Amino acid sequence: MPQMRPYAHKKYRYDMQKINLGARLSAVAALITGDFVADVGTDHGFLPIYLAESGKIRRAVASDIRPEPLSKARENIAKHALSDKIETVLTDGLVGLEKYPLTDIVIAGMGGLTIIDILENADFVKTRPVHLIIQPMQHVPETRKYLCENGYVIDREVLASDDGKIYQIISAKYGGKSRELSPTEATLGAYNIAHKGEYPELFISLCEKYISVLKAKTDGYAIAGIDAAQETDLMHKIEKEKMAAEEKWQP
């Protein structure tokens, strides 16, 4: 019998035997706490397949708004003989998923504003003890602000490095009480600031990234004659957090 050729997709290796997740999705998988997960925007279905094969979950719903990637996910799920455990659903965000007894919802690999829109149209996440694992690709500060101002509690954050990029992964549950974040907390994450020792090198790199962005912005504002007091203040506060992390971390 000829040897089956592996299917390579970005950072994943798919060989009909085992799903190997990259650092980003491995960090997402590690945050799962329950046994029935919804993977929103599942793409090729690698995350729920990995979770089911590792025995971490009992059932899953893999959803996507696009038919083509969902079809590929369905094929991958079938090849791994997991069609009885992982159901695929063509839908926009979480629409229609309220009928499932979900314990965890993963919304990863999409823009923060899209994630906010998905949560805005899914009131059921506020009426059940559902655990959210959120990984925005952009607009991370805005995502944190939305969560905290709309009654969600961020109980943990994880930083992961994949292909030279730093990903911020947020664990949250609805608690009902709103909280206002400072600009520094929204940018870096209150959990990350308080627990910078968990990922000191990545935290420092995250600070450097935002310092660079803010420096470019303040320089541009100066040329245009625009007041940049808020941006300058935020940059200085991030620099202080970076220095504090450097003092604790000795490679």
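An axis here is a line fitted to C-alpha atoms, for helices over the stretch in contact, and angles run from 0 to 180 degrees between N-to-C directions. With that in mind, the structure, which is a predicted model, can be read one topic at a time.

**Helices α4 and α5**

- Helix α4, covering residues 112–120, packs against helix α5, covering residues 140–149, at an angle of about 20°, and their axes are 8 Å apart.
- Angles under 35 degrees count as roughly parallel, and α4 and α5 are therefore roughly parallel to each other.
- The crossing of these two helices, α4 and α5, is right-handed.
- On the α4 side the contact is made by Gly-112, Leu-113, Ile-116, Leu-119 and Glu-120, while α5 contributes Glu-142, Thr-143, Tyr-146 and Leu-147.
- Sorted by class, the contact of α4 with α5 has 5 nonpolar, 2 polar and 2 charged residues.

**Helices α8 and α9**

- The axes of helix α8 (residues 200–224) and helix α9 (residues 229–248) come within 9 Å of each other and cross at roughly 155°.
- Because angles over 145 degrees count as roughly antiparallel, this crossing makes α8 roughly antiparallel to α9.
- The crossing of α8 and α9 is left-handed, and by class their contact has 11 nonpolar, 2 polar and 8 charged residues.
- Among the residues that meet here are Phe-203, Ile-204, Glu-208 and Leu-214 in α8, and Leu-234, Met-235, Ile-238 and Glu-239 in α9.
- Glu-208, which lies in helix α8, is partly exposed, with a relative accessible area of 39%.
- Although Glu-208 and Glu-239 are 31 residues apart in sequence, they are 8.0 Å apart in space, taken from C-alpha to C-alpha.

**Helix α2 and the residue after it**

- In helix α2 (residues 46–53), 6 of the 8 residues are buried, so this helix is largely enclosed by the rest of the structure.
- The buried residues of α2 are Phe-46, Leu-47, Pro-48, Ile-49, Leu-51 and Ala-52.
- Just after α2, Gly-55 takes a positive phi of about 80°.

**Asp-162 in strand β9**

- Asp-162 lies in strand β9, which covers residues 152–162.
- Since buried means under 20% relative accessible area, Asp-162 counts as buried, with a value of 9%.
- A polar atom of the side chain of Asp-162 lies 3.0 Å from the backbone nitrogen of Arg-24.

Note on methods. Residues are numbered from 1 along each chain as its sequence is written. This is a predicted model: local features need pLDDT of at least 70, side-chain atom pairs count only at pLDDT 80 or more; totals for chains, interfaces and linings use all residues. Side-chain values use heavy atoms; hydrogens and water are left out. Helices (H or I, at least four residues) and strands (E, at least two) are DSSP runs, numbered from the N terminus. Angles under 35 degrees count as roughly parallel, over 145 as roughly antiparallel, 65 to 115 as roughly perpendicular and the rest as oblique. A crossing is left-handed if the near helix is turned anticlockwise from the far one by less than a right angle, and right-handed if clockwise. Contact means heavy atoms within 4.5 Å. Ala, Val, Leu, Ile, Met, Phe, Trp, Tyr, Cys and Pro count as nonpolar, Asp, Glu, Lys and Arg as charged, and the others, Gly among them, as polar. Buried means under 20% relative accessible area, exposed over 50%, partly exposed in between (1.4 Å probe, protein chains only). A polar contact is a pair of N or O atoms within 3.5 Å; within protein, one must be able to donate a hydrogen and the other to accept it, and residues adjacent in sequence count only if both atoms are side-chain atoms.
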